[in-house]
Amino acid sequence: MERLLFLSFVTTVSVGATVGQQAGGKVFRLKPENEQDLQFLKNVSHTGKVDFWLPHSIDLVTTDRTVDFRVGADWTSHVQAGLEKIGLKYELVSDPVLPFTEQ
């Protein structure tokens, strides 16, 4: 019984830590128009702080195709500044995971 309680505690702490890491991030939607836009996305993807949703990999990103990706809260302002610097239009999309993590 004690072992079961300990495992439950460890699981709860692990899930709580994961949710905390994800809280405050943003989902960006954009459509790269040229090689400069693609290069920016590739550079950002190499930081390891980006989670591509559509398409699921940077290798599948092409011009004139919608791209959705999630960025953690600690990296959001950097990505927004970079997008604005190169003039790439984007929109912030509501994160469908958020309602589940706030419960």
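Arg29 stands opposite Asp68 in strand E3, where helices (H or I, at least four residues) and strands (E, at least two) are DSSP runs numbered from the N terminus. The model is predicted, with local features needing pLDDT of at least 70 and side-chain atom pairs counting only at pLDDT 80 or more, while totals for chains, interfaces and linings use all residues. Residues are numbered from 1 along each chain as its sequence is written, and side-chain values use heavy atoms, with hydrogens and water left out.

Strands of a sheet pair through backbone hydrogen bonds, either parallel or antiparallel. Here, E1 and E3 pair in the antiparallel sense over five bridges; two strands count as paired if DSSP finds at least two bridges between them. An open sheet of four strands is formed with antiparallel pairing, in the order E2-E3-E1-E4. Strand E2 (50–54) and strand E4 (90–93) are its edge strands, each pairing on one side only. On average, neighbouring strands of this sheet are turned by 30° against each other, direction ignored. For such angles, axes are lines fitted to C-alpha atoms, for helices over the stretch in contact, and values run from 0 to 180 degrees between N-to-C directions.

Helix H2 (residues 35–45) lies across E1, E2 and E3 and runs at about 125° to E2, whereas helix H3 (residues 73–86) lies across E1, E2, E3 and E4, at about 25° to E1. Contact here means heavy atoms within 4.5 Å.

Aromatic rings complete the picture. Three aromatic pairs are present; rings of Phe, Tyr and Trp (its six-membered ring) pair if their centres lie within 6.5 Å, with planes under 30 degrees apart counting as stacked, over 60 as edge-to-face and the rest as tilted. Phe28 and Phe69 are stacked, at 5.4 Å centre to centre and 15° between the planes. This pair links distant parts of the chain, Phe28 in strand E1 (residues 26–30) and Phe69 in strand E3 (residues 67–71), 41 residues apart. Phe28 counts as buried because its relative accessibility is 0%.

Technical notes. Buried means under 20% relative accessible area, exposed over 50%, partly exposed in between (1.4 Å probe, protein chains only).
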